[in-house]
Amino acid sequence: PSPGRGVGRAAAGPPRLAAPRSWFWAAGAVGLALAALSSLASPWLASRRLDQATAAIGEARLARAAELASDAHTLNPLAVDPLFVQAGVESARGNDREAERLLRKALATQPLNARTWYELGTFELETLRRPAPAYFHLNRSYTLDQFGGAGVKGGPLDRAKKLVGKTS
């Protein structure tokens, strides 16, 4: 080895680490922006799909309505309205088991929402003709919101209460 090689290297200082690549940071920023945009756009898109599903029901296009409501739920999985629409479509198709499953899914999604209890209880009372579970669900709805649907005098809660022989 020549004597000048080692000296030149020492004079240059320690080896430098490569600076983070600017493309890596740019890709991260783009990814973050896309995630933010998606989180803002998804509820809006879900609402549009739900409106389209409701219109499809009005046109008696139940298969399309179910598809659109399912899309709305996929876009906004914490919303229960798409599940209510899907349940209504399934009930109209005569598939009460699937309608009940969807209503129970809505209840599991938002257990403190009086409407989820109300929708399930009303379905059990009017469609499935099961007054005891209907009374339980409607009473829970009333407990969560006395001024909601379950609080209507002579409404589903009162009818279920009468059918199961509850007094108070």
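Colleague: Is Arg115 buried, partly exposed or exposed?

Modeller: Please bear in mind that this is a predicted model. Arg115 has a relative accessibility of 38%, so Arg115 counts as partly exposed.

Colleague: With which side chain does Arg115 meet in a salt bridge?

Modeller: The general idea is that side chains of opposite charge can pair when their charged atoms come close. In this model the partner of Arg115 is Asp81, with 2.6 Å from N to O. The pair joins distant parts of the chain, since Arg115 belongs to helix H6 (residues 114–126) and Asp81 to helix H4 (residues 81–92), 34 residues apart. Asp81 is also partly exposed, as its relative accessible area is 34%.

Colleague: How many salt bridges does a search of the whole structure find?

Modeller: The search finds 11 salt bridges. Among them is the one between Arg61 and Glu59, at 3.3 Å from N to O. Arg61 is partly exposed, with a relative accessible area of 42%.

Colleague: Which residues are linked in a network of salt bridges?

Modeller: The network links Glu100, Arg104, Glu124 and Arg130. Within this group, the side chains of Arg130 and Glu124 meet at 3.5 Å from N to O.

Colleague: Is Glu124 buried or exposed?

Modeller: The limit for a buried residue is a relative accessible area under 20%. Glu124 has a value of 0%, so Glu124 is buried.

Colleague: Let us turn to helix packing. At what angle do helices H5 and H6 pack?

Modeller: Helix H5 (residues 96–109) packs with H6 at an angle of about 160°, and their axes are 8 Å apart. An angle over 145 degrees counts as roughly antiparallel. The two helices, H5 and H6, are therefore roughly antiparallel to each other.

Colleague: Is the crossing of H5 and H6 left-handed or right-handed?

Modeller: The crossing of these two helices is left-handed. On the H5 side the contact is made by Asp96, Ala99, Glu100, Leu103, Arg104, Ala106 and Leu107. H6 contributes Thr116, Trp117, Glu119, Leu120, Phe123 and Glu124.

Notes:
Residues are numbered from 1 along each chain as its sequence is written. This is a predicted model: local features need pLDDT of at least 70, side-chain atom pairs count only at pLDDT 80 or more; totals for chains, interfaces and linings use all residues. Side-chain values use heavy atoms; hydrogens and water are left out. A salt bridge is a side-chain nitrogen of Lys or Arg within 4 Å of a carboxyl oxygen of Asp or Glu. Buried means under 20% relative accessible area, exposed over 50%, partly exposed in between (1.4 Å probe, protein chains only). Helices (H or I, at least four residues) and strands (E, at least two) are DSSP runs, numbered from the N terminus. Axes are lines fitted to C-alpha atoms, for helices over the stretch in contact, and angles run from 0 to 180 degrees between N-to-C directions. Angles under 35 degrees count as roughly parallel, over 145 as roughly antiparallel, 65 to 115 as roughly perpendicular and the rest as oblique. A crossing is left-handed if the near helix is turned anticlockwise from the far one by less than a right angle, and right-handed if clockwise. Contact means heavy atoms within 4.5 Å.
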